[in-house]
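Please walk through the surface, the loops and the pocket of the following structure.

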Amino acid sequence: MTPRFRHQGYKLSLTLPVNQMNESQLRNGIVTVNIYDSFTSKQYNDALNTEAPTEDGNNGAIPSYNILNMSMNYRWKSWGIGATINNLLNAKYFTHRYDFWGGKFPGAPTTVNVKLSYRVHK
């Protein structure tokens with residue numbers, strides 16, 4: 001198997017064969033690396049499309065933002081292990097305007113998820 005690049009929308013995927021990892025018995029597995037971007041354009045919080053934020057922060061434009069994400073997976077026979085990193089560059093952004101949050105509802109910081117899987121049926 002040769003390396004494969006796939007492009008789907010804003011998602012770029014690279015699949016690499018792994019013939020031998022170190023000196024362990026993990027052989028002939030497949031490593032998949034995905035890097036994908038999520039872009040959200042500028043939004044408005046009120047029907048008047050107010051640009052400047054109000055004093056209480058409840059109204060005003062919500063700036064556009066870009067979030068870069070990455071996932072890595074290794075599959076060997078029926079086993080799989082993987083990790084996903086959301087907001088890889090720890091972008092600071094907000095997604096809504098609410099009085100409770102001082103006018104801005106913050107977006108999620110960098111988060112990491114790890115998984116271990118076993119496929120029962122092929």
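Is Asn-90 buried, partly exposed or exposed? With a relative accessible area of 31%, Asn-90 is partly exposed, because buried means under 20%, exposed over 50%, and partly exposed in between (1.4 Å probe, protein chains only). This is a predicted model, in which local features need pLDDT of at least 70 and side-chain atom pairs count only at pLDDT 80 or more, whereas totals for chains, interfaces and linings use all residues. Residues are numbered from 1 along each chain as its sequence is written, and side-chain values use heavy atoms, with hydrogens and water left out.

Asn-90 lies in the loop between S7 and strand S8 (94–96), strands being DSSP runs of E of at least two residues, numbered from the N terminus. Although Asn-90 is not a glycine, its phi is positive, at about 55 degrees. Lys-77, in the loop between S6 and S7, also is not a glycine and has a positive phi of about 50 degrees; Lys-77 counts as exposed because its relative accessibility is 62%.

Strand S7 also holds Trp-79, which counts as partly exposed because its relative accessibility is 42%.

The largest pocket can be considered next. Among the residues that line the largest pocket, those closest to its centre are Asn-73, Tyr-74, Arg-75, Gly-80 and Ser-117. A pocket here is, on a 1 Å grid over the protein atoms alone, an open set of points with protein on both sides within 12 Å along at least five of seven lines, and lining residues have an atom within 4 Å of a point.

Conventions: Helix = DSSP H or I, 4+ residues; strand = E, 2+ residues; numbered from the N terminus. 1 Å grid on protein atoms, 1.4 Å probe; cavity = no way out; pocket = protein on both sides within 12 Å on 5 of 7 lines; lining within 4 Å.
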